[in-house]
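Dear colleague,

Please find below the structure that I am handing over to you, with its sequence. My notes on what was found follow it.

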Amino acid sequence: MTEEEIIVRFITSADEESFSALFRVVAPQILRYFRARGCGPELAEDLLQEVMISVHRHHGELRDARLFRPWLFKIARNAMLQNRRHEMREVPTIEFDEVPADVAGMPVDVLASAQLQQWMTCLTEVERQILMLRYFDGLEYAEIANVLDIPLGTVQWRIFNAKKKLIRLSRGRD
Amino acid sequence: MEHWISPQQWLDFVDRTLTPSEEARITAHVSQCKDCEVLMCGLMDWHRLLTQETQLLRHSLVYLDVEIDRLLDHTLNRIRPVGMKSHWTWSVLDALVLLRCLMAPISGPSAARAVMAVAFDRSGMTPGRCLNHDQWSQFLSNLSEAFGSICGLEGARLIGHAGRSLSIDYGCY
């Protein structure tokens with residue numbers, strides 16, 4: 001059964017069997033999504049469970065199987081942002097000087113790959129998010145627009161702009 | 001020379017999703033325009049580098065079936081206790097009872113009943129008729145507003161969140 005068929009089956013029946021089949025297909029993608037953005041293994045597993053419980057709970061809101069992937073990644077993104085906000089809320093209880101640098105200055109996307117991290121430092125947060133969704137998670141431009149709630153043209157413009165920045169960066173180093 | 005290639009066309013060119021005629025048109029322009037040739041080489045290089053690097057990162061994050069099955073078991077165990085093992089959704093009636101039970105200890109039973117009645121009235125809901133997702137959302141927003149007028153913003157948020165978190169089996173109630 002293809003991924004598409006598994007999604008359609010889940011949307012139409014949403015029983016334990018179809019949920020399990022869906023979980024086996026999407027869980028590795030979502031775990032990688034979290035891990036590539038700096039979440040530790042345990043946090044990634046916790047967030048995955050939150051995402052899949054949310055998918056199960058709200059499956060009735062999804063009518064079109066083609067919208068499943070952006071919907072799923074939007075839930076994952078919200079879960080991660082909520083977790084980061086929660087972590088940040090705990091920071092004021094510590095003296096500012098005592099806050100470890102990696103927590104105090106933690107960007108939204110803390111990338112696991114050193115090479116990628118180096119390249120991404122010259123980009124804005126939105127550009128980083130868009131490039132990661134496109135190249136790492138393999139989303140189409142329209143799906144990225146849906147995940148981030150921005151127009152399709154903006155996604156394309158941002159990717160183009162980000163690549164131009166990277167070109168300038170590489171020329172500067174040459 | 002005029003640089004007429006749009007960002008979208010550049011991306012489609014690099015992704016190789018253009019039609020053959022469009023691709024040929026761009027290739028012809030690039031062969032005559034030094035600026036566009038430099039840009040194209042840069043875009044293609046970065047497309048290749050980003051693809052390679054993200055692929056390496058993806059391959060370094062491999063999950064075994066046994067790990068995924070362990071996580072699936074944990075997730076199913078968290079889903080089952082909330083009473084969705086057999087049918088996975090709430091009937092409209094059950095959801096209404098739940099929301100009223102949630103409001104009653106905060107506002108008192110009479111106020112909860114009155115708030116419910118106001119929300120019913122504003123949403124044009126009649127017992128015995130079938131509901132759809134939009135009507136349920138409208139009802140929740142009216143209920144949240146009515147409850148908020150008695151118990152404040154936090155109370156309104158609580159009821160709104162609780163209502164939206166339920167997976168409803170839409171039908172007659």
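A residue is called buried here when its relative accessible area is under 20%. On that basis, 39% of the 173 residues of chain B count as buried. Please note that this is a predicted model, and the values in this message were computed from it.

Chain B contains 8 helices and 2 strands. Along the sequence, these elements of chain B come in the order α-α-α-α-β-α-α-α-α-β.

Helix α7 of chain A (residues 125-136) packs with helix α8 of chain A (residues 141-148) at an angle of about 135 degrees, and the two axes are 10 Å apart. Because of this angle, α7(A) is oblique to α8(A). The two helices, α7(A) and α8(A), form a right-handed crossing.

Which residues make the contact between α7(A) and α8(A)? From α7(A), they are A:Gln129, A:Ile130, A:Leu133 and A:Arg134; from α8(A), they are A:Tyr141, A:Ile144, A:Val147 and A:Leu148. Sorted by class, the contact of α7(A) with α8(A) comprises 6 nonpolar residues, 1 polar residue and 1 charged residue.

With kind regards

How values were computed. Residues are numbered from 1 along each chain as its sequence is written. Chains are lettered from A and ligands numbered from 1 in the order in which they are written. This is a predicted model: local features need pLDDT of at least 70, side-chain atom pairs count only at pLDDT 80 or more; totals for chains, interfaces and linings use all residues. Side-chain values use heavy atoms; hydrogens and water are left out. Axes are lines fitted to C-alpha atoms, for helices over the stretch in contact, and angles run from 0 to 180 degrees between N-to-C directions. Helices (H or I, at least four residues) and strands (E, at least two) are DSSP runs, numbered from the N terminus. Angles under 35 degrees count as roughly parallel, over 145 as roughly antiparallel, 65 to 115 as roughly perpendicular and the rest as oblique. A crossing is left-handed if the near helix is turned anticlockwise from the far one by less than a right angle, and right-handed if clockwise. Contact means heavy atoms within 4.5 Å. Ala, Val, Leu, Ile, Met, Phe, Trp, Tyr, Cys and Pro count as nonpolar, Asp, Glu, Lys and Arg as charged, and the others, Gly among them, as polar. Buried means under 20% relative accessible area, exposed over 50%, partly exposed in between (1.4 Å probe, protein chains only).
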